[in-house]
Amino acid sequence: MPVWLSAATSAVTRLNRAIFHVTVWLMAVVVPVMLYEVVRRYLFNDPTVWAMELAVLLFGPYFLLGGPYLLHLRGHVTLDLVRQRLNPVWQRRMDLVNFPVIILFCAILIYFSWPSAWSAWQYRETSFSAWNPPIWPAKAVVPLALVLMLLQALVELCRVFFRTDVEPATNEVPQA
């Protein structure tokens, strides 16, 4: 892989790792908020107006912004039963097909999510609930996360494409 491309792929992965590590802390807010809501609702019969909505508004970005780095870690659901039975050459071929599909999927979703996020930002959209928090930041996270996922998929495609450690499998048994 050319040096400039290696530097770019490392930069994208570092950015997604940093965002992932920050995003993980959203659960440090969501869990106590949900605990507070459960206690108020079931022990005191006095549910809050805001807790469930806040949890949803925070869980969306948590889920979306964690995805790109999870792609790098190969943490997404895959057909491992099939993949494990393939030799490294066929695994590489699968990756050379899968990552362009992910890139295309992200591009399509960016195309359709951007107008909604832009409109929500322009109008400073709120939820229209009793609490009525702004929801435009949560909508803005969708195309942002998709761009980050697309970039990480490009990075992973480059890593697979330029990988030279995968040699064609042979049927020879190594001699001791």
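A salt bridge is a side-chain nitrogen of Lys or Arg within 4 Å of a carboxyl oxygen of Asp or Glu. With that in hand, let's look at this predicted model. A search of the whole structure turns up 5 salt bridges, and this briefing walks you through some of them, including the pair formed by Asp 46 and Arg 40.

**Asp 46 and Arg 40**
- The closest N and O atoms of Asp 46 and Arg 40 are 2.7 Å apart, so the pair falls within the 4 Å cut-off and counts as a salt bridge.
- Asp 46 is partly exposed, at 38% relative accessibility.
- Arg 40 is also partly exposed, with a relative accessible area of 22%.

**Glu 37 and Arg 41**
- Here the side chains of Glu 37 and Arg 41 join in a salt bridge, at 2.7 Å from N to O.
- Both residues belong to helix H2 (residues 27–43), and because they are 4 residues apart, about one helical turn separates them.
- Glu 37 is buried, with a relative accessible area of 2%.

**Arg 74 and Asp 95**
- Arg 74 and Asp 95 form a salt bridge whose closest N and O atoms lie 3.4 Å apart.
- Arg 74 is partly exposed, with a relative accessible area of 41%.
- Asp 95 is buried, with a relative accessible area of 3%.

Key: Residues are numbered from 1 along each chain as its sequence is written. This is a predicted model: local features need pLDDT of at least 70, side-chain atom pairs count only at pLDDT 80 or more; totals for chains, interfaces and linings use all residues. Side-chain values use heavy atoms; hydrogens and water are left out. Helices (H or I, at least four residues) and strands (E, at least two) are DSSP runs, numbered from the N terminus. Buried means under 20% relative accessible area, exposed over 50%, partly exposed in between (1.4 Å probe, protein chains only).
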